[in-house]
Amino acid sequence: MSGKRQTSPARQYRVPGGPHSLPVHGAWKGHLPAKESILPDGTQKVEFVRNRILAGLPRKEYARIASDLVPTTLKAGQILYEPGGTMQSAYFPETAVVSILSQAEDGTSIEVSLVGSEGVVGVPIVLKSHALPYRVVVQGAGTAWRMKADVLRREFDRCGPLHKLLLHYVHALIVQLAQSSACNQFHTTRQRLCRWLLASEDLSGSNELRSTQEFLSQMLGVNRGSANQAAGSLQRAGLIRYRRGRITILNRAGLETATCECYRIIRSEFDRFFRR
Ligand SMILES: [Zn+2]
(Lines give C-alpha, C1' and ligand atoms only; values in the text may rest on other atoms or scores of the structure.)
Protein backbone atom coordinates (compact mmCIF):
# COMPACT_ATOMS: atom_id res chain seq x y z
CA MET A 1 0.00 0.00 0.00
CA SER A 2 1.26 3.46 -0.75
CA GLY A 3 1.62 5.92 2.08
CA LYS A 4 -0.36 8.74 0.55
CA ARG A 5 -3.88 8.76 -0.72
CA GLN A 6 -4.11 8.95 -4.45
CA THR A 7 -4.35 12.55 -5.57
CA SER A 8 -6.73 13.63 -8.30
CA PRO A 9 -5.34 13.39 -11.80
CA ALA A 10 -4.26 16.64 -13.44
CA ARG A 11 -7.26 18.72 -14.35
CA GLN A 12 -7.93 22.06 -15.91
CA TYR A 13 -8.16 24.97 -13.53
CA ARG A 14 -9.62 28.18 -14.83
CA VAL A 15 -8.27 31.28 -13.15
CA PRO A 16 -11.28 33.43 -12.21
CA GLY A 17 -11.39 36.28 -14.68
CA GLY A 18 -8.38 34.91 -16.52
CA PRO A 19 -8.32 34.05 -20.19
CA HIS A 20 -6.60 30.67 -19.95
CA SER A 21 -6.84 27.31 -18.27
CA LEU A 22 -3.97 25.81 -16.30
CA PRO A 23 -3.20 22.12 -15.82
CA VAL A 24 -3.43 21.46 -12.11
CA HIS A 25 -1.75 18.51 -10.43
CA GLY A 26 -3.40 17.05 -7.34
CA ALA A 27 -5.81 19.98 -7.15
CA TRP A 28 -8.58 20.06 -4.59
CA LYS A 29 -11.57 21.48 -6.40
CA GLY A 30 -12.38 24.97 -5.24
CA HIS A 31 -9.40 25.26 -2.90
CA LEU A 32 -7.25 28.36 -2.82
CA PRO A 33 -4.02 28.31 -4.76
CA ALA A 34 -1.15 28.69 -2.27
CA LYS A 35 1.66 28.74 -4.79
CA GLU A 36 1.96 28.78 -8.54
CA SER A 37 5.14 27.77 -10.32
CA ILE A 38 6.28 26.99 -13.86
CA LEU A 39 7.33 23.38 -14.43
CA PRO A 40 10.29 22.47 -16.70
CA ASP A 41 7.87 21.53 -19.48
CA GLY A 42 6.44 25.05 -19.43
CA THR A 43 3.13 24.13 -17.80
CA GLN A 44 2.03 25.87 -14.66
CA LYS A 45 1.61 23.97 -11.41
CA VAL A 46 -0.73 25.28 -8.75
CA GLU A 47 -0.40 24.00 -5.19
CA PHE A 48 -3.52 24.31 -3.11
CA VAL A 49 -4.14 25.18 0.50
CA ARG A 50 -5.21 22.02 2.35
CA ASN A 51 -5.91 23.50 5.75
CA ARG A 52 -9.68 23.70 5.96
CA ILE A 53 -9.82 26.94 7.95
CA LEU A 54 -7.58 28.77 5.49
CA ALA A 55 -9.23 27.07 2.51
CA GLY A 56 -12.59 28.36 3.74
CA LEU A 57 -11.50 31.98 3.44
CA PRO A 58 -12.69 34.06 0.52
CA ARG A 59 -9.92 34.43 -2.05
CA LYS A 60 -9.37 38.15 -1.34
CA GLU A 61 -9.19 37.56 2.39
CA TYR A 62 -6.65 34.75 1.97
CA ALA A 63 -4.54 36.96 -0.32
CA ARG A 64 -4.55 39.69 2.33
CA ILE A 65 -3.08 37.44 5.06
CA ALA A 66 -0.94 35.16 2.85
CA SER A 67 2.29 37.07 3.59
CA ASP A 68 1.77 36.39 7.34
CA LEU A 69 1.64 32.63 6.74
CA VAL A 70 5.09 31.04 6.82
CA PRO A 71 5.41 27.53 5.31
CA THR A 72 6.94 25.30 7.97
CA THR A 73 8.03 21.66 8.13
CA LEU A 74 7.24 19.93 11.42
CA LYS A 75 9.19 16.84 12.53
CA ALA A 76 7.66 13.88 14.36
CA GLY A 77 8.20 14.30 18.10
CA GLN A 78 8.85 18.04 17.82
CA ILE A 79 7.45 19.88 20.83
CA LEU A 80 5.54 23.02 19.85
CA TYR A 81 4.50 24.01 23.34
CA GLU A 82 5.21 23.04 26.94
CA PRO A 83 2.84 23.79 29.86
CA GLY A 84 3.74 27.04 31.54
CA GLY A 85 4.98 28.68 28.37
CA THR A 86 3.47 31.42 26.23
CA MET A 87 2.23 30.55 22.76
CA GLN A 88 4.27 32.67 20.37
CA SER A 89 2.87 31.23 17.15
CA ALA A 90 -0.16 29.46 15.79
CA TYR A 91 0.10 26.55 13.34
CA PHE A 92 -2.39 25.73 10.61
CA PRO A 93 -1.42 22.12 9.69
CA GLU A 94 -1.45 21.04 6.07
CA THR A 95 -0.13 17.46 6.22
CA ALA A 96 1.28 17.50 9.76
CA VAL A 97 -0.75 16.04 12.64
CA VAL A 98 -0.31 17.45 16.13
CA SER A 99 -1.29 15.89 19.48
CA ILE A 100 -2.27 17.79 22.58
CA LEU A 101 -1.23 15.62 25.52
CA SER A 102 -2.23 15.70 29.15
CA GLN A 103 0.55 14.39 31.37
CA ALA A 104 -0.12 13.07 34.88
CA GLU A 105 2.31 13.60 37.75
CA ASP A 106 3.38 9.92 37.54
CA GLY A 107 4.56 10.53 33.95
CA THR A 108 1.70 8.75 32.16
CA SER A 109 -0.07 10.73 29.47
CA ILE A 110 -3.17 10.68 27.28
CA GLU A 111 -4.04 12.52 24.11
CA VAL A 112 -6.80 15.07 24.72
CA SER A 113 -7.00 16.40 21.18
CA LEU A 114 -5.68 15.75 17.69
CA VAL A 115 -5.15 18.69 15.31
CA GLY A 116 -4.55 18.41 11.60
CA SER A 117 -5.61 20.00 8.34
CA GLU A 118 -9.07 20.80 9.66
CA GLY A 119 -7.85 22.91 12.56
CA VAL A 120 -5.31 25.19 14.13
CA VAL A 121 -2.88 24.87 17.02
CA GLY A 122 -3.44 28.19 18.75
CA VAL A 123 -6.98 28.36 20.12
CA PRO A 124 -5.64 29.83 23.43
CA ILE A 125 -4.28 32.76 21.39
CA VAL A 126 -7.72 33.38 19.89
CA LEU A 127 -9.28 33.12 23.34
CA LYS A 128 -6.75 35.65 24.64
CA SER A 129 -5.06 33.35 27.16
CA HIS A 130 -1.88 32.37 25.24
CA ALA A 131 -1.35 29.42 27.58
CA LEU A 132 -2.42 25.80 27.98
CA PRO A 133 -1.78 23.23 30.73
CA TYR A 134 -0.93 20.61 28.09
CA ARG A 135 2.05 19.61 25.98
CA VAL A 136 1.71 20.08 22.21
CA VAL A 137 3.72 17.53 20.21
CA VAL A 138 3.96 16.76 16.49
CA GLN A 139 2.55 13.26 16.07
CA GLY A 140 2.85 12.97 12.29
CA ALA A 141 5.60 14.81 10.41
CA GLY A 142 4.46 17.15 7.68
CA THR A 143 3.87 20.74 6.70
CA ALA A 144 1.99 23.60 8.33
CA TRP A 145 1.52 27.34 7.98
CA ARG A 146 2.91 29.29 10.94
CA MET A 147 1.42 32.63 11.94
CA LYS A 148 2.70 34.87 14.74
CA ALA A 149 0.41 35.02 17.77
CA ASP A 150 -0.08 38.78 17.63
CA VAL A 151 -1.03 38.57 13.95
CA LEU A 152 -3.63 35.87 14.65
CA ARG A 153 -5.07 37.99 17.49
CA ARG A 154 -5.21 41.03 15.22
CA GLU A 155 -6.91 39.07 12.44
CA PHE A 156 -9.40 37.48 14.85
CA ASP A 157 -10.29 40.92 16.25
CA ARG A 158 -11.18 42.18 12.75
CA CYS A 159 -14.34 40.05 13.08
CA GLY A 160 -14.09 39.03 9.43
CA PRO A 161 -14.30 35.61 7.73
CA LEU A 162 -11.33 34.20 9.69
CA HIS A 163 -13.04 35.14 12.96
CA LYS A 164 -16.16 33.20 11.92
CA LEU A 165 -14.17 30.14 10.77
CA LEU A 166 -12.15 30.09 14.00
CA LEU A 167 -15.35 30.20 16.08
CA HIS A 168 -16.70 27.27 14.05
CA TYR A 169 -13.48 25.41 14.77
CA VAL A 170 -13.71 26.15 18.50
CA HIS A 171 -17.26 24.72 18.49
CA ALA A 172 -16.13 21.54 16.69
CA LEU A 173 -13.19 21.27 19.10
CA ILE A 174 -15.50 21.48 22.13
CA VAL A 175 -17.57 18.63 20.66
CA GLN A 176 -14.38 16.64 20.03
CA LEU A 177 -13.19 17.13 23.62
CA ALA A 178 -16.57 16.33 25.19
CA GLN A 179 -17.11 13.25 23.01
CA SER A 180 -13.57 12.03 23.67
CA SER A 181 -14.25 12.25 27.39
CA ALA A 182 -17.37 10.09 26.99
CA CYS A 183 -15.46 7.73 24.69
CA ASN A 184 -12.66 7.21 27.23
CA GLN A 185 -15.25 6.30 29.84
CA PHE A 186 -17.65 4.11 27.86
CA HIS A 187 -15.82 2.48 24.95
CA THR A 188 -13.17 -0.20 24.65
CA THR A 189 -9.49 0.34 23.87
CA ARG A 190 -10.04 -1.49 20.55
CA GLN A 191 -12.89 0.88 19.56
CA ARG A 192 -10.88 3.91 20.62
CA LEU A 193 -7.84 2.72 18.65
CA CYS A 194 -10.06 2.40 15.54
CA ARG A 195 -11.29 5.97 16.09
CA TRP A 196 -7.75 7.28 16.53
CA LEU A 197 -6.57 5.51 13.35
CA LEU A 198 -9.49 6.87 11.30
CA ALA A 199 -8.99 10.42 12.62
CA SER A 200 -5.24 10.25 11.98
CA GLU A 201 -5.81 9.15 8.40
CA ASP A 202 -8.39 11.92 7.87
CA LEU A 203 -5.99 14.56 9.14
CA SER A 204 -2.75 13.40 7.52
CA GLY A 205 -4.18 12.03 4.26
CA SER A 206 -1.92 9.00 4.77
CA ASN A 207 -2.86 5.41 5.54
CA GLU A 208 0.57 4.82 7.12
CA LEU A 209 1.04 6.05 10.66
CA ARG A 210 4.00 6.13 13.01
CA SER A 211 3.15 4.23 16.16
CA THR A 212 5.43 2.42 18.54
CA GLN A 213 3.80 0.57 21.45
CA GLU A 214 4.84 3.38 23.77
CA PHE A 215 3.36 6.00 21.46
CA LEU A 216 0.07 4.13 21.11
CA SER A 217 -0.23 3.66 24.86
CA GLN A 218 0.35 7.42 25.33
CA MET A 219 -2.29 8.32 22.78
CA LEU A 220 -4.85 5.96 24.30
CA GLY A 221 -3.91 6.46 27.95
CA VAL A 222 -3.52 2.70 28.58
CA ASN A 223 -0.54 0.49 29.38
CA ARG A 224 1.58 -0.92 26.56
CA GLY A 225 0.10 -4.40 26.92
CA SER A 226 -3.46 -3.16 26.36
CA ALA A 227 -2.39 -1.00 23.39
CA ASN A 228 -0.54 -3.95 21.86
CA GLN A 229 -3.49 -6.28 22.45
CA ALA A 230 -5.89 -3.87 20.67
CA ALA A 231 -3.52 -3.40 17.72
CA GLY A 232 -2.95 -7.18 17.50
CA SER A 233 -6.69 -7.77 17.41
CA LEU A 234 -7.15 -5.34 14.51
CA GLN A 235 -4.24 -6.95 12.67
CA ARG A 236 -5.69 -10.45 13.06
CA ALA A 237 -8.98 -9.12 11.67
CA GLY A 238 -7.10 -7.86 8.58
CA LEU A 239 -7.94 -4.21 9.25
CA ILE A 240 -4.36 -3.01 9.75
CA ARG A 241 -0.76 -4.13 9.36
CA TYR A 242 1.32 -3.36 12.45
CA ARG A 243 5.05 -3.68 11.88
CA ARG A 244 8.29 -2.01 12.95
CA GLY A 245 6.68 0.95 14.66
CA ARG A 246 4.31 1.68 11.79
CA ILE A 247 0.64 0.96 11.27
CA THR A 248 -0.79 0.67 7.77
CA ILE A 249 -4.56 0.89 7.41
CA LEU A 250 -5.64 -1.95 5.11
CA ASN A 251 -9.43 -1.81 5.48
CA ARG A 252 -10.86 1.61 6.31
CA ALA A 253 -14.47 0.45 5.98
CA GLY A 254 -13.75 -2.32 8.47
CA LEU A 255 -12.34 0.21 10.96
CA GLU A 256 -15.45 2.37 10.54
CA THR A 257 -17.58 -0.65 11.42
CA ALA A 258 -15.39 -1.62 14.38
CA THR A 259 -15.19 1.83 15.96
CA CYS A 260 -17.75 3.43 18.27
CA GLU A 261 -20.24 6.15 17.33
CA CYS A 262 -17.85 8.83 18.62
CA TYR A 263 -15.93 8.91 15.33
CA ARG A 264 -19.07 9.74 13.32
CA ILE A 265 -20.31 12.31 15.85
CA ILE A 266 -17.03 14.23 15.82
CA ARG A 267 -16.57 13.83 12.06
CA SER A 268 -20.01 15.24 11.29
CA GLU A 269 -19.38 18.36 13.42
CA PHE A 270 -16.22 19.15 11.45
CA ASP A 271 -17.90 18.38 8.13
CA ARG A 272 -20.79 20.69 9.02
CA PHE A 273 -18.44 23.69 8.95
CA PHE A 274 -15.46 22.71 6.86
CA ARG A 275 -15.63 21.11 3.44
CA ARG A 276 -13.32 18.20 2.64
ZN1 LIG B 1 -16.24 6.16 21.57
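## Helices and strands in a predicted model

Just after helix α7, Gly221 takes a positive phi of about 70°. This is a predicted model, in which local features need pLDDT of at least 70 and side-chain atom pairs count only at pLDDT 80 or more, while totals for chains, interfaces and linings use all residues. Residues are numbered from 1 along each chain as its sequence is written. Helices (H or I, at least four residues) and strands (E, at least two) are DSSP runs, numbered from the N terminus.

Helix α7 covers residues 213–220, and its buried residues are Leu216, Ser217, Gln218, Met219 and Leu220. A residue is buried if 20 or more other C-beta atoms lie within 10 Å of its own, exposed if 12 or fewer, and partly exposed in between, with C-beta atoms placed from the backbone. The cover over these residues of α7 includes β8, β9, α6 (189–204) and α8 (224–236).

Two of these covering elements, β8 and β9, also belong to an open sheet of 4 strands, in the order β6-β10-β8-β9 with antiparallel pairing. Its edge strands, β6 (79–81) and β9 (109–115), each pair on one side only. Two strands pair if DSSP finds at least two bridges between them. Strands of a sheet pair through backbone hydrogen bonds, either parallel or antiparallel.

Strand β14 (residues 246–249) has Ile247 and Ile249 on a covered face, and Arg246 and Thr248 on an uncovered one. β14 forms a hairpin with β13, with 2 residues between the strands, and Arg244 in the turn has a positive phi of about 45°.

| Strand pair | Bridges | Opposite residues |
|---|---|---|
| β8 (residues 97–103) and β9, antiparallel | 6 bridges | Gln103 and Ser109 |
| β12 (residues 208–210) and β14, antiparallel | 3 bridges | Leu209 and Ile247 |

Helix α5 (residues 161–186) and helix α10 (residues 262–273) have axes that come within 9 Å and cross at roughly 180°. Axes are lines fitted to C-alpha atoms, for helices over the stretch in contact, and angles run from 0 to 180 degrees between N-to-C directions. α5 and α10 are therefore roughly antiparallel to each other (a term for angles over 145 degrees). On the α5 side, the contact is made by residues including His168, Ala172 and Val175, and on the α10 side by residues including Cys262, Ile265 and Phe273. Two residues are in contact if their C-beta atoms, placed from the backbone, lie within 7 Å.

Conventions:
Angles under 35 degrees count as roughly parallel, over 145 as roughly antiparallel, 65 to 115 as roughly perpendicular and the rest as oblique.
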